[in-house]
Amino acid sequence: MTIISLPGSSGYSDSLSEPRTKITYFSNAYVLGLTLVAGIGGLLFGYDTGVISGALLYIKDDFESVARSSFLQETIVSMALVGAIIGAAAGGWINDTHGRKKATLIADVVFTMGSFVMAVAPDPYILIIGRLLIGLGVGVASVTAPVYIAEASPSEIRGGLVSTNVLMITGGQFLSYLVNLAFTEVPGTWRWMLGVSAVPAILQFFMMLYLPESPRWLYMKDEKIKAVAVLSKIYDPDRLDEEVEQLSTALEEERARKVAVAWLDVFRVKEIRIAFLAGAGLQAFQQFTGINTVMYYSPTIVQMAGFHSNQLALLLSLIVAGMNAAGTIAGIYLIDHVGRRKLALTSLFGVIISLGILSWSFFLEESGSSNGKFYGVLSVLGLALYIAFFAPGMGPVPWTVNSEIYPEAYRGICGGMSATVNWISNLIVAQSFLSLATALGTGTTFLILGVIAILAFVFVAVYVPETKGLSFEEVEQIWKERAGGGGFVRLG
């Protein structure tokens, strides 16, 4: 029999923490298939992140106004982030109201529209509108994919499966650099780079039509027969009984609370508030430690380091993106073996070191020291080291933690709000990097990111709990205990 710990208790049940049936990452083709299809949303996210860095080099060649204005360049990059902020904020509501499947389909349609608009844009301002549209699609997908995967995943491999979505993000970034290189000599270079992104969105739309809704969402919406039918494809009969019993208990608790879910509850209910602060803090620090500065502007950074050829800059950036994808593969294994918290701390320690190297190399280059070629190579090595440490840890950990730390009724809202924090932080970094580098110097800019990484290390060490291998109910219990053992009581 499954035991659900009551508020104020400290023990977790063995039946929850140690399932009777051993499930591994590759043991269920059905779950893996759901994960890969849902992860195409991550692929779109990653492709857009990477492709604009290369496309921007050629957009500047076609539009003189863009070449003359750092602000216009930053706006072209950042308008997708504005759309993503709106999409993520709306995505939480769409997920809770209409389900994870419909949210994915909506994201695909909007993303495809944006891709076509960008491909035919006659001027930078229509291009910016297209960037806004794809941002809306990416924002909804960034909320939906991790939640959909987490809710269909056995607890013991949930981290690895949700991290697969992050692998799709980094794989999309790598693919974008391959596409950038493939189209460097093709007429309409950047139009092909941006327009081809419609292909995976269309592919996901049609594949998603044949996949089920999240079983946990179905159960909470009283579609229990459909929910059990999906769960029966994931678990053997004994484990299925446990999972259904947990869902039944969770549904009864939600009904007993009789609380109308609203975004204000995130701040009124103490345990939800502290869970959200942990999740949103991780998302903010993921961006403010500079990952998308590296991914959006890596060709530009390489050129700042003294490698001026567009093709060479893209090739070196392709290597960086490849390391990002390879590091994420390592993260898929480590996140369910080492744990979320320890992995994040190790990752941040390496990020701090690599940002120090980047800062130092650019300080030396900006000082006019001789042997500038050496400092250029050192800068590229610093970028590679940064990715090697960031990718396995701070890449997947924030998305994984945010997919599992919120109660079912609040998972869409909190996930959407937390993803919005990620995109707002992303926007601030992307919109300010070139301006900061121009005003303060690239070395000082990387030094600022290094100081933020130190703060992130302290935040994770003090505030983020370990959730490896825990059921959703056990994770919920952590926040109840941290809140003082009470139930879901409105504050104020």
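This section describes the overall fold of the predicted model and then selected helices and residues.

The secondary structure of the protein consists of 23 helices and zero strands. Of its 492 residues, 61% count as buried. Among contacts with a sequence separation of 6 or more, 84% are made by residues 24 or more positions apart. The protein exposes about 18,100 Å², and 70% of this area is supplied by carbon and sulfur atoms.

Helix α6 spans residues 100-119 and comprises 20 residues. The distance from its first C-alpha to its last is 29 Å, close to the 28 Å expected at 1.5 Å a residue. Buried positions in α6 are R100, K101, A103, T104, L105, A107, D108, F111, T112, G114, S115 and M118. An α-helix has 3.6 residues a turn, so residues three or four places apart point the same way. Within the buried set of α6, such positions include R100, A103 and A107, as well as T104, D108, F111 and S115. The elements that cover the buried residues of α6 include α3 (40-62), α5 (70-98) and α7 (124-151), together with α9 (189-195), α10 and α11 (215-220).

Helix α10, one of the elements covering α6, comprises residues 198-208 and contains I202. With a relative accessible area of 36%, I202 is partly exposed, because this value lies between the limits of 20% and 50%. On the surface, I202 forms a nonpolar patch with F116, F206, L209 and Y210. The accessible area of these residues together is about 580 Å².

Two further positions, R411 and T442, are considered next. R411 is located in helix α21, which covers residues 411-440. Its relative accessible area is 1%, so R411 is classed as buried under the 20% cut-off. The side chain of R411 reaches the backbone oxygen of Y406 at 2.9 Å. Y406 is also among the residues that R411 touches, the others being V147, E151, R216, S403 and F472, when residues up to four places away in sequence are not counted. Of these contacts of R411, V147 and E151 fall within the residue range of α7 (124-151), and R216 falls within that of α11 (215-220).

T442 belongs to helix α22, which comprises residues 442-463. This residue counts as buried because its relative accessibility is 7%, under the 20% limit. The C-alpha atom of T442 is separated by 8.9 Å from that of L358, although the two residues are 84 positions apart along the chain.

Note on methods
Residues numbered from 1 in each chain as written. Predicted model: local features only at pLDDT ≥ 70, side-chain atom pairs only at ≥ 80, totals over all residues. Heavy atoms only, no water. Patch = residues over 30% accessible without salt bridge, like charges linked within 9 Å, V, L, I, M, F, W, Y side chains within 5 Å. Areas by Shrake-Rupley, 256 points an atom, 1.4 Å probe, with all protein chains shown as cover. Salt bridge = Lys/Arg side-chain N within 4 Å of Asp/Glu carboxyl O. Helix = DSSP H or I, 4+ residues; strand = E, 2+ residues; numbered from the N terminus. Buried < 20%, exposed > 50% of the residue type's maximum accessible area, 1.4 Å probe, protein only. Polar contact = N/O pair within 3.5 Å; in protein donor to acceptor, adjacent residues only side chain to side chain. Contact = heavy atoms within 4.5 Å. Expected span 1.5 Å × (residues − 1).
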